[in-house]
Amino acid sequence: MALIKTTLGRRSFIKTSALAGGGLMIGFSWLASCAEEAEKKEIDVLEMPKEWFEINGFIKIGENGVVTIMSTNPEIGQNVRTSMPMIVAEELDVDWKNVIVEQAPLNTKVYDWSWGAQIAGGSQSIRQAWFALRKAGLVGRHLLMQAAANAWQVPMEELTTEAGTIHHKGSGKSAHYGEMASAAAQLEVPTEFEHATNAQDQLQKQIEGKVKNVADFKIIGTSRKNVDGKKIVTGQPLFGLDVQKEGMLIAMMIHPPAFGKRFKSMNADSVKSMPGIRDVFTIQSYPEDMIREWSDVSIFDNLVVLVGDSTWQVLQAKNSLKVEWEDSPVVAQKSGSFGGGETIQEYPAGLESTSDHLKAMEAEALKPGKVDRKDGDVEAAFKNAAKILERTYTAPFLAHNTMEPMNFYANVQGDQVELLGPIQTPASAQTSVSKRLNVPKENISVQMTRMGGGFGRRLYGNFVVEAAVISQKIGAPVKLVYTREDDMTFGTYRPTYLATFKAGLDDNNNLIALKVKAGGIPESPLFADRFPASAVENYLAESWTLESNVTTGAWRAPRSNFMAGAEQSFLDEVAELAGKDPIDFRLELLDRAKNNPVGNWNIGHYDPERYAGVLKLVKETSGWSTNDSARNRGVAAYFCHNSYVAQVMDIEMKEGKPVIEKVYNAVDCGIVVNPIAATNMVEGGLIDGIGHAMYSAMTFNNGVPEQSNFDRYRLIRHSEAPKEIKVDFVKSDIDPTGLGEPPLPPVIGALANAMYKATGRRYYNQPFISDQTFIG
């Protein structure tokens, strides 16, 4: 099988750089914007131009040919500030070393759905923008060639481009893009390029016929350094917390200490005289009658706010302020849903505890659930089964714990609003602030900084609204800053889940019946049509939910982050009961899904051929052998966010603790735009998954979050990360399908299965560190 093999891992990369005495960027071309003088001379990059010409909303070209490409989507660490411009540069046909990357501000008119919306979430940035970015580059090249054709009085069809230069073979004329940029900027974008919107659009199909063939790519598919890498490692301002503006004040807030509580009273005068404190007051971040955006998730609306000159001064006052709280009644919030429509979310009263959550979920799991899919006669099949296996899996609430806590800058002056900071959903934040302040959206500018992590937390922009409300109240620019404790105890959390699997085997150890019943607080993690649906003749999928006043939201690979681990652990146990190799057992089921699928929808979401492809690949690259009993190996595979990942993990037990020696990854995510960045995402995702499954939990006692900082919220440590990670991508001509989330879910199953081989014990409850006692 053809592969893109990555031989340079993140850790070895860092070591190599350290030995060289340089930064992280060795081995890759430098951009003009950040190249050192000696390096500029070495690679002959162009000087910064004196005059720029805007070709379209994505591209500016200097009079000397230097190109600025706008990165349109928020950068959350998924490397879109590098990958997105690479796609534009490919179709524009420029030399990457002469490209500068800038973060585009929110502009819903320019970057609309026909050109790609500005959002970071669901591993969709590249997938959704792929066509739009290629179109932007194609349009830019078209306009430059049209300008040259007009200037030289030759047919445009006779022109060719290469590395930022236009050629006309017949006359021998040539010009770099900068020479034609002024004229190109005056031309109208042809109608055929303006209105193509989606894959069903006939115009898009025409345009797709004009973009490059995959085989002709020169930039896409090659490893390019992170354009922010040097600034990150040298500590230059990039993130929201780095924002400094003239006259800017610092705001911090206090929210209720427990879910189920609300503000009652305070003595603000006790801290108003403290050094640097400008004011202390309360705000209603969301009025009760406001119809919220889907992203306005917050049950704590009545907040105590302190404003002052510096973070330290405000923090001192915050710690000294005495506030009284009272029990909150049932809270009902009206909001729009992500896909449209309107919903009412009710949060019950009361102070909830984790022990009560577990009891309630176990009781609910025993009741009949909502049938989401049923194939065949499951009950009859279980009656006739020769062997039956039933197991239950749980996972706790999880906090996002971004390294950069929530923050945002807001400056509200009359009906003009300036917003600046880290947000995954800038358009939703703009709409929320518009509704809350009653200011037209066109009066609200949103600039995006790089984010110090997100993992779904920054989909929800309550902190943006809070910053805007505070700025409006004090009539001054302000940066709202959450402490680590604010961030960890404010929500929104990954929901807590419970799932039960039941399998029946016949006399020949064939899987003839499977039942999955999954629920949680407050959502079910069930994906009724995913594997092994379509592969089992008698199949039943049921779901259930329970209400809570603990606020939740998307957490990296929502729902899959639990279901993959549970499902893949269970299938491993079923394979063992059947006496079959775990990889061969999965391939047997996928053959059934491919050749003789079950159910009205048959294949369902997944493509069994691609699913089997990553399993076969990781079997090959890991040297998997059924008879290899010398190693403690676990395997898992999963499909989510349109991509396929299979992993094999090797574990050794040392001094009673598991040591992860190596993780093999096989990934099918379509075309890989930037292999080094893609490898980093796989490495980061799987380490994140291992850490949270093994160590992390958010628990509650009488509504109070019991973890408020990293002294009680356990994350993976450097010494606990895998010693080695191998990543192989399936070479593909399919458009990119997403990678930020897919590597995380299956690794939890691979971890549980490898630990079983190492210890002889199965792991059903996350975090695994508390499920068994052998880990120190």
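Helices (H or I, at least four residues) and strands (E, at least two) are DSSP runs, numbered from the N terminus. Axes are lines fitted to C-alpha atoms, for helices over the stretch in contact, and angles run from 0 to 180 degrees between N-to-C directions. With that in hand, you can follow helix 5 (residues 177–185), which lies across strand 6, strand 7 and strand 8 and runs at about 80° to strand 8.

This is a predicted model, in which local features need pLDDT of at least 70 and side-chain atom pairs count only at pLDDT 80 or more, while totals for chains, interfaces and linings use all residues. Residues are numbered from 1 along each chain as its sequence is written, and side-chain values use heavy atoms, with hydrogens and water left out.

- Two strands count as paired if DSSP finds at least two bridges between them.
- Here three strands make an open sheet in the order 6-7-8, and their pairing is antiparallel.
- Strand 6 (159–162) and strand 8 (173–176) are the edge strands, each pairing on one side only.
- From one strand to the next, the twist averages 20°.
- Strand 7 (residues 165–168) is joined to strand 8 by four bridges, and the two run antiparallel; look for His-167, whose bridge partner in strand 8 is Ser-174.
- Helix 4 (residues 125–152) also lies across strand 6, strand 7 and strand 8, at about 130° to strand 6.

**Two hairpins in a row**

- Strand 2 (residues 52–56) pairs with strand 3 (residues 59–62) in the antiparallel sense, over four bridges.
- Two residues link strand 2 to strand 3 in a hairpin, and Trp-52 sits opposite Gly-62 of strand 3.
- Strand 3 is also joined to strand 4 (residues 67–71) by three bridges, again running antiparallel.
- Ile-59 has Ile-69 in strand 4 as its bridge partner.
- Between strand 3 and strand 4 the hairpin has four residues, and Gly-65 in the turn has a positive phi of about 100°.

- Strand 23 (residues 511–521) and strand 24 (residues 538–545) are parallel partners over eight bridges, with Gly-520 bridged to Thr-545 in strand 24.

**Helices that pack together**

- Helix 13 (residues 426–437) and helix 14 (residues 462–474) cross at roughly 40°, and their axes come within 9 Å.
- Their crossing is right-handed; a crossing is left-handed if the near helix is turned anticlockwise from the far one by less than a right angle, and right-handed if clockwise.
- Helix 19 (residues 675–695) packs against helix 20 (residues 744–759) at an angle of about 55°, with the axes 8 Å apart.
- Helix 19 and helix 20 are therefore oblique to each other, since angles under 35 degrees count as roughly parallel, over 145 as roughly antiparallel, 65 to 115 as roughly perpendicular and the rest as oblique.
- Helix 19 passes helix 20 in a right-handed crossing.
- Residues of helix 19 in this meeting include Gly-685, Leu-686 and Asp-688, and among those of helix 20 are Leu-744 and Val-747.

Note on methods
Contact means heavy atoms within 4.5 Å.
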